[in-house]
Amino acid sequence: DKAGHKHFMAKEIAEQPRVLAAALGHYLTPEGAIALPEPGIDFASVERLTLVACGTASYACYVAKYWFEQVARLPVEIDVASEFRYREPPIPARSAALFVSQSGETADTLAALRYAKSQDARILSVVNVTESSIARDSDIALPILAGAEIGVASTKAFTCQLLVLGALALEAARQRGTIDDAALAAHLQALRQLPGLVDQGLSIEAECQRVSRGLAEARDILFLGRGRMFPLALEGALKLKEISYIHAEAYASGELKHGPIALVDEHVPVIVMAPHDELFDKTVSNMQEVMARGGKVLLITDAKGARIAGDGVWEVITLPEIAPLWAPILYALPAQLLAYHTAVAKGTDVDQPRNLAKSVTVE
Ligand code: F6R
């Protein structure tokens with residue numbers, strides 16, 4: 001049932017404020033503490049965290065790496081499951097390994113989990129399907145509570161994965177004593193505002209639809225982001241490739257001048273994900289390098305960012321202001337909506353893109 005939407009993907013994008021609120025209700029107590037399922041996790045005794053997943057779920061891990069490192073000062077190793085499982089990486093004592101999977105049945109992720117288990121790592125998972133193989137094989141499985149996701153392109157599962165990983169990173173910080181009570185309370189308060197901000201953020205849809213008519217003409221599209229926004233650039237490019245079949249690449253904006261800037265001309269739209277955060281000026285200077293070469297920039301930012309850097313760009317999409325730590329969750333919306341409307345403009349099969357399966361149970 002598409003609940004009045006044209007596609008499951010549209011319905012699932014629109015559901016995000018509600019499912020994020022449900023996940024928040026599950027992981028945050030009314031008193032403002034973080035609640036994890038028993039037996040809980042002793043993060044103080046963990047010296048390294050390994051994050052493994054495939055596709056969009058791996059981009060959720062990339063964002064989480066920034067959170068765990070920055071807030072919990074926990075060293076994080078990250079890999080895609082198909083590489084991790086065959087690298088047979090040494091897993092030091094006092095490691096935890098965390099696997100993220102919507103379906104809980106992705107063959108490579110499950111094999112990676114079993115390898116980590118054979119090396120005596122503590123096994124955590126973040127899953128949507130709680131009766132899945134990955135959930136069953138974990139010491140502790142954290143549900144994302146997104147509800148069934150039907151569209152092949154992952155949307156609400158991604159934002160719910162991020163929310164759960166964010167709460168987990170805060171809990172790790174609390175246990176490890178890397179955050180004081182006031183800062184923790186402020187982060188939790190900001191997390192609580194997310195469903196409302198995502199709801200407001202959905203109002204960019206008409207803008208995304210309009211801009212997408214231009215994107216649909218492109219043969220190649222570049223996405224740029226820095227820091228926590230780099231994985232969002234990766235997610236934007238993947239979503240667009242999957243459902244609109246337009247070739248898209250994502251780069252950490254600082255990598256631009258190490259190669260990809262050679263691609264820039266007036267035919268290649270460059271989508272820059274840049275909330276006004278501590279790295280904004282750096283990203284903007286990369287953006288200006290693109291514009292100086294005739295590049296056509298779509299800047300996705302907040303009102304402050306638009307005021308400072310919106311002059312001369314091709315298009316600006318303005319999202320609500322948000323605490324910088326949690327911006328990746330909100331900036332998933334333009335990644336999803338631009339891909340969706342570009343695909344609709346091109347007339348592709350949004351919910352069942354060619355060559356793709358919802359659950360990849362063979363390697
Ligand atoms: C992208 C997408 C895929 C999945 C990947 C992992 O939109 O849906 O990249 O994220 O196949 O699937 P799960 O999360 O089920 O392990």
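User: Which residues does Glu149 touch, not counting residues up to four places away in sequence?

Analyst: Keep in mind that this is a predicted model. Glu149 touches Glu12, Gln102, Asn128, Ser154, Thr155, Lys156, Ala157 and Lys358. Glu149 itself sits in the loop between β5 (140–143) and α7 (156–176).

User: Why is Glu149 called buried?

Analyst: The relative accessible area of Glu149 is 6%. Buried means under 20%, so Glu149 gets that label.

User: What makes the approach of the Glu149 side chain to the backbone nitrogen of Thr155 a polar contact?

Analyst: The distance is 2.9 Å, and the cut-off for such a pair of N or O atoms is within 3.5 Å. The backbone nitrogen of Lys156 also passes, at 3.3 Å from a polar atom of the Glu149 side chain.

User: What makes β1 and β3 a pair?

Analyst: Pairing needs at least two bridges, and five join β1 to β3 (residues 95–101), with the strands running parallel. Val52 stands opposite Phe99 there. β2 (residues 76–80) also qualifies: five bridges join β1 to β2, again parallel. In β2, Asp79 is opposite Val52.

User: Which helix goes with β1 and β2 in the β-α-β unit, and what is its hand?

Analyst: Helix α3 (residues 55–72), and the unit is right-handed.

Technical notes
Residues numbered from 1 in each chain as written. Predicted model: local features only at pLDDT ≥ 70, side-chain atom pairs only at ≥ 80, totals over all residues. Heavy atoms only, no water. Helix = DSSP H or I, 4+ residues; strand = E, 2+ residues; numbered from the N terminus. Buried < 20%, exposed > 50% of the residue type's maximum accessible area, 1.4 Å probe, protein only. Polar contact = N/O pair within 3.5 Å; in protein donor to acceptor, adjacent residues only side chain to side chain. Contact = heavy atoms within 4.5 Å. Right-handed = clockwise from strand over helix to strand, strands pointing away.
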